Amino acid sequence: MRFYKLTTTYCILFDLSFFSLSLLFHEIPGENLSTPSSPATARNDCSITPLTPSPSPVFMLPHVCIPFSSALFYYFPSLTALFSSTRCRRWEGGDPGVANQKSPTCLLLTPDLRFHSFGFAARDFYHDLDPEEARHWLYFDKFKMKIHSTSDLTMETELEAVNSRRVRAIEVFAHALRFFREHALKEVKDQSSSVLEGEEIRWVITVPAVWRQPAKQFMREAAYLAGLVSPDCPEQLLIALEPEAASIYCRKLRLHQVIDLSLQPVTNGLDLDGSRPFDSSFRQAREQLRRSRHSRTFLVESGTGELWSELQTGDRYVVADCGGGTVDLTVHQIEQPQGTLKELYKASGGPYGAVGVDLAFEAMLCQIFGEDFIQSFKAKRPAAWVDLTIAFEARKRTASPGRANALNISLPFSFIDFYKRHRGQSVEAALRRSNMNIVKWSSQGMLRLTQEAMNELFQPTIINIVKHIEELMAKPEVHGVRFLFLVGGFAESPMLQRAVQKALGRTCRIIIPHDVGLTILKGAVLFGLDPTVVRVRRCPLTYGVGVLNRFVEGRHPRDKLLIKDGREWCTNILDRFVSVDQSVALGEVVRRSYTPARLGQRKIIINIYCSATDDVTYISDPGVRKCGTITLDLPEPLPLPGAVGGAGAGGAGPERREIRATMQFGDTEIKVTAVDVMSNRSVRASIDFLSN
């Protein structure tokens, strides 16, 4: 954790192996909505009926950035240093010899489900429990990936602790966020005389860009449950996309703050496959990264860094965020002179993070000792299993290409003893029987993993990362990329650096920022100060609603014919809001008009559908799925001026009530607002992606 001060603005930064959080003083901004209009349509089973289509041109309202304090407002353009260096505390606990700028995503609950500890404190306390006692405690490790991998994420989704007990995921995440909140406020109180009020704080939570809308809403709901912000003040919480945050920070980099891994001319007669020309550069890079972990300086100069002076309007670059659970890729284009960013291709990536190496190690243990034994050991000796994973993590970080000697992994005594009781033979005998020659046994009670073994553990994950970057680089929209920025904790791995360098070093410059593991966190602070810096984003999916349109014989299938009030309608047509990979500017919204099907109706519910392709016509087409609902709460309509007996008096019949909903897709989250046209009053509107 780091603490910085800028006049009266404080920033407290948190970064974990899997998600980061920033705390900023905040002055609540006003609304920023702009609206393109679209035909008014409605789905037949959503309590609404369609209005006559009336297309309007797309238009936008100006997006005004409200700064967080008057000092920032007046002095920001002339600041020479945005953040000053101050001393800060490191995370307590951890492994000897490691600078703890990050805390592992570990959470420990007591047997009666009360919060006990987080991070190193949770890991170490759980490790020291008596094995029988540990079976009753709930230990969660690397739980963020569950949110990404669950296709039907809801508020009731559960996480499984090491002891197999299950708890609602929203409660686990809320415990973690509540811990951050208390930790942050205590840090400010201890290091300054300021007392923070809830409305003065803006929180920024970073998530992978490939996360779907339900996962983003899940994090917001967890923040509400944790008490970070109130649902009545949603603008106090920003969801930042991790590669975007890294990209924002990379704009500020100076030459002395980066490591350039671009290929140099091969010397001494060695070709690209030779290891000698690379060894010294990797040793230098690793040493620079090691030293940068001890740096307490977070200096971000106004304007852009020296690296950016080489770029011109229209130049493109890729940010590869290689984290623990996922790898996220984003492509940005520079817009000069304002320095804003335009996303050229929708965010892509997958579960190719450093956890893949851990899973490969577990699979190797299963191959040697048997999957049934490993699963039994994890369940009956959970603390010892955690000890084994810690030992592997420490050695994994030292793996590098061209390493001659083997890496020793200490096996806990309980592992050796448990195997002998379970199988009736020694672990050494199991190794001989497995015929796995790349793993040896040391008489000191260690597994010796040869360089070949480490390559086998790393290569599947690294191959996926390199393949994904290469496929992205081949896209026409990405042609001509000048820089590839490697960020995230896994980017520190020389194994990954070498593979990316060999594959792409001749096509673009490969840059690794110092403090690479904190790049996202620092960028999140800059995003919190100015959320408008990314001006154009690409939509990851096609979004729309199911509607009724007039039935056209010969064009619409007969099985979708619906006769309503004597009129023929075609049901289940997908009315698009936005299309996949469509450019959407910040502040740009889509407008739809709806009307209740019945007089006196107090709620409208509209189903939202999405698809990974744009080649869809009906919500029943393959690949189209329901992903959320829009709920509009309707107040009692105000009587028309001069009307007697309410709307519709005088025999003219009731007037159809129009509700105009505007949905914003250019931000990191989809947002909706609505207006009751009859009364010109705002209607409470919300999108729920977690109710499926």
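Modeller: One cut-off before we start: angles of 65 to 115 degrees between axes count as roughly perpendicular. Keep in mind too that this is a predicted model.

Biologist: Which residues make the contact of H12 with H13?

Modeller: On the H12 side they are Phe 415, Ile 416 and Tyr 419, and on the H13 side Val 427, Ala 430 and Arg 433. Sorted by class, this contact has five nonpolar, no polar and one charged residues.

Biologist: What makes H14 and H15 oblique?

Modeller: Helix H14 (residues 451-473) and helix H15 (residues 494-504) have axes that cross at roughly 45°. Roughly parallel would need an angle under 35 degrees, and roughly perpendicular starts at 65. An angle of roughly 45° belongs with the rest, so H14 and H15 are oblique to each other. The crossing of H14 past H15 is right-handed.

Biologist: And which residues in H14 and H15 meet?

Modeller: From H14, the set includes Met 454, Phe 458, Ile 462, Ile 465 and Ile 469; among their partners in H15 are Leu 496, Ala 499, Val 500 and Ala 503. The residues of the contact of H14 with H15 divide into 13 nonpolar, two polar and one charged.

Biologist: Let's turn to single residues. How do you know whether Gln 217 is buried or exposed?

Modeller: Its relative accessible area is 11%, and buried means under 20%, so Gln 217 counts as buried. Gln 217 is found in helix H6 (residues 213-226). Setting aside residues up to four places away in sequence, Gln 217 touches Ile 687, Asp 688, Phe 689 and Leu 690.

Biologist: Is His 256 buried or exposed, and how do you know?

Modeller: His 256 has a relative accessible area of 56%. Exposed means over 50%, so His 256 is exposed. His 256 lies in the loop between helix H7 (242-250) and strand E12 (258-260). Although His 256 and Pro 513 are 257 residues apart along the chain, their C-alpha atoms are separated by 9.3 Å.

Biologist: What is phi of Lys 142?

Modeller: Phi is near 50° there, a positive value in a residue other than glycine. Most residues other than glycine have a negative phi.

Biologist: What about phi of Asp 581?

Modeller: Asp 581, not a glycine either, has a positive phi of about 65°. Asp 581 lies in the loop between strand E24 (567-578) and strand E25 (583-585). With 17% relative accessibility against a limit of 20%, Asp 581 counts as buried.

Biologist: And the whole chain: how many residues are there, and what share of them count as buried?

Modeller: The protein chain has 692 residues, and 54% of them count as buried. The chain has 16 helices and 31 strands.

Methods
Residues numbered from 1 in each chain as written. Predicted model: local features only at pLDDT ≥ 70, side-chain atom pairs only at ≥ 80, totals over all residues. Heavy atoms only, no water. Axes fitted to C-alpha atoms, helices over the stretch in contact; angles between N-to-C directions. Helix = DSSP H or I, 4+ residues; strand = E, 2+ residues; numbered from the N terminus. Parallel < 35°, antiparallel > 145°, perpendicular 65-115°, else oblique. Left-handed = near helix turned anticlockwise from the far one by under 90°. Contact = heavy atoms within 4.5 Å. Nonpolar A, V, L, I, M, F, W, Y, C, P; charged D, E, K, R; others polar. Buried < 20%, exposed > 50% of the residue type's maximum accessible area, 1.4 Å probe, protein only.
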